[in-house]
Amino acid sequence: MTNRVLWFIVGLLSIIGGTFALANPIAATLAATAIAAWMFIIVGVLQIIGGFRQGGVGAKIWTVLLGLLGIFVGVSILQHPLAGMVALTTVVAVTFLVAGLFKVVLSFSLEERRFFWVFLLSGVVSVGLAVMIFSNFPQSAAVMLGILLGIDLISNGVVIVALGLSTPDQAAEGTA
């Protein structure tokens, strides 16, 4: 199988996964919440392992404590997935708001450049998304992460398919 075909298949799978996520955003939100919880747990365990390898006592203690905190957060989200969805949606909304405001402010420092409108529009869209999430909160928590996951999977899938279509076929060039 050539790289082109592999990229194309991966991109297509991402688009299909994104479509399923958009078709059932509640299930996708629960899946995204569970994945986030497991990532907190895995990173926490790895931090604890790394903490015991630290040289200084202070660094060792703080690294292990942060690892334990990560494990606690992950287990808490797994035990209370609805509360985890609300918390993660709040973090996403605040991130959109803060990033959007920064992009709007940054855009005005670029007024003389070609990309002023791109930055301004991106910032306004991010702020608008945050306002949409907060205006229907906490009901939006049930679907927002799933919708964002679906959009991201479709967007990445399109880019990966385009990459696959634009990548030279190495088998045709004689290199494998």
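Author: A contact here means heavy atoms within 4.5 Å. By that definition, 75% of the contacts in the protein chain with a separation of 6 or more join residues 24 or more positions apart. The model is a predicted one.

The protein chain holds seven helices and zero strands, and from the N terminus on its elements run α-α-α-α-α-α-α. Its radius of gyration is 21 Å, well over the 16 Å that the globule rule gives for 176 residues, so the chain is more spread out than a compact globule. Taken along the principal axes, the C-alpha atoms fill a box of roughly 55 × 45 × 40 Å. Of the 176 residues, 27% count as buried.

Ser-107 lies in helix α4, which covers residues 81-109. Is this residue buried or exposed? Ser-107 counts as buried because its relative accessibility is 0%, and the cut-off for that class is under 20%. Its side chain reaches the backbone oxygen of Val-104 at 2.6 Å. When neighbours within four places in sequence are left aside, Ser-107 is in contact with Phe-116, Phe-119 and Leu-120. Helix α5 spans 116-135.

Leu-46 counts as exposed because its relative accessibility is 54%, and exposed requires over 50%. Leu-46 belongs to a nonpolar surface patch of about 820 Å², whose other members include Trp-38, Met-39 and Leu-78. Helix α2, residues 25-52, gives the most to this patch, with eight residues. For the chain as a whole, the accessible surface comes to about 11100 Å², and 77% of that belongs to carbon and sulfur atoms.

Between these two cases stands Val-143, found in the loop between α5 and α6, the latter being residues 144-166. Val-143 has a relative accessible area of 24% and is therefore partly exposed. Its contacts, again leaving aside neighbours within four places in sequence, are with Pro-25, Ile-26 and Thr-29. The C-alpha atoms of Val-143 and Thr-89 are separated by 9.2 Å, although these residues are 54 residues apart along the chain.

In summary, Ser-107 is a buried residue of helix α4, with Phe-116, Phe-119 and Leu-120 among its contacts.

Note on methods:
Residues are numbered from 1 along each chain as its sequence is written. This is a predicted model: local features need pLDDT of at least 70, side-chain atom pairs count only at pLDDT 80 or more; totals for chains, interfaces and linings use all residues. Side-chain values use heavy atoms; hydrogens and water are left out. Helices (H or I, at least four residues) and strands (E, at least two) are DSSP runs, numbered from the N terminus. Buried means under 20% relative accessible area, exposed over 50%, partly exposed in between (1.4 Å probe, protein chains only). A polar contact is a pair of N or O atoms within 3.5 Å; within protein, one must be able to donate a hydrogen and the other to accept it, and residues adjacent in sequence count only if both atoms are side-chain atoms. Patches are made of residues with over 30% relative accessible area and no salt bridge: like charges are joined within 9 Å, nonpolar side chains (Val, Leu, Ile, Met, Phe, Trp, Tyr) within 5 Å. Accessible areas come from the Shrake-Rupley method with a 1.4 Å probe; for residues, only the protein chains shown count as cover. A salt bridge is a side-chain nitrogen of Lys or Arg within 4 Å of a carboxyl oxygen of Asp or Glu. The radius of gyration is taken over C-alpha atoms; the globule rule is 2.2 Å times the number of residues to the power 0.38.
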